[in-house]
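Thanks for coming. Please have a look at the model on the screen, and then I will walk through some of its parts.

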Amino acid sequence: VNENDTVAVEELKFGDNDTLSALVASLVEADWLFLLTDIDRLYSADPRSVPDAKPISLVSSMQELTELQIQTGGQGSRWGTGGMITKISAARIAIAAGIRTVITQGQFPRNIPKIIEGEPIGTHFAPQPEPTSARKRWIAYGLIPGGKLYLDEGAITAIVKAGKSLLAAGIKAVEGEFNNQDAVQLCDISGHEIARGLVNYNSQELQKICGRHSREISAILGYEGADTVIHRDNLVLI
């Protein structure tokens, strides 16, 4: 899959071929996704510059990947657009759809059937046992976010731990210009993204009601609005 092979407009660009391949694999409900690079597998750091980098054969969950604290770097690969950062992001998309994903060396395409037959080549990402719904994958990865909402700790805990909807009271700041039902990124105060969702208010409305209780919204805006800024059915953790 190559993003440059299509007649694309800006709205259709995903930024790299790894992300595009993961989205296509999700769309066609593929069993496997192979992300090809110029090294044999994922390492704890770039083995070309860090001699004691440790090879990683299996990632059982994205939480495990986070705990490994891999130094992915930002350099692109001469075997494809994007470095290891984009491949890990693509793996996150694919395993959320229940697709087994492998990072391996593109110089040896004959390794692919060997991997399918069970040979321990490359780094394998185990698919999630309960795949995310197609709609939530579309919200998380298929839409270009129009802005960011910065949340307080209480809102983050409610969303991440309890699966709650986002209320205006939990928003500390609004960034960007967007319309009602656009996708936005939900971030902590430091800017780390924790979720994405479809908003029930545009950016101008949210500037007025952020940090306020739901019961105050109608008085502030002058008309009745939704109780939630993002309903939990339209919200997905990243």
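Predicted model: local features only at pLDDT ≥ 70, side-chain atom pairs only at ≥ 80, totals over all residues.

Residues are numbered from 1 along each chain as its sequence is written, and side-chain values use heavy atoms, with hydrogens and water left out.

Some terms. Helices (H or I, at least four residues) and strands (E, at least two) are DSSP runs, numbered from the N terminus. Two strands pair if DSSP finds at least two bridges between them.

Strand β1 and strand β5, residues 100-105, are paired in the parallel sense over six bridges. Helix α3, residues 84-96, packs on the sheet and touches β1, β5 and β6 (123-125); contact here means heavy atoms within 4.5 Å. The direction of α3 makes about 180° with that of β1. Axes are lines fitted to C-alpha atoms, for helices over the stretch in contact, and angles run from 0 to 180 degrees between N-to-C directions.

The sheet itself is open and has four strands in the order β1-β5-β6-β4, with mixed pairing. At its edges are β1 (32-37) and β4 (58-59), each pairing on one side only.

Next, strand β7, residues 147-151. Four of its five residues are buried, where buried means under 20% relative accessible area, exposed over 50%, and partly exposed in between (1.4 Å probe, protein chains only). With β8 (residues 171-176), β7 pairs in the antiparallel sense over five bridges; Tyr 150 has Ala 173 as its bridge partner in β8. With β9 (residues 183-187), β7 pairs in the parallel sense over three bridges, and there the partner of Lys 148 is Gln 185.

Now helix α6, residues 153-160. Which of its residues are buried? They are Ala 155, Ile 156 and Ile 159. These residues lie on the same side of α6 because they cover an arc of only 100° around the axis, the arc being that of the directions from the helix axis to the C-beta atoms. Glu 153 and Gly 154, on the other side of α6, are exposed. The cover over the buried residues of α6 includes β7, β9, β10 (193-198) and β11 (235-237).
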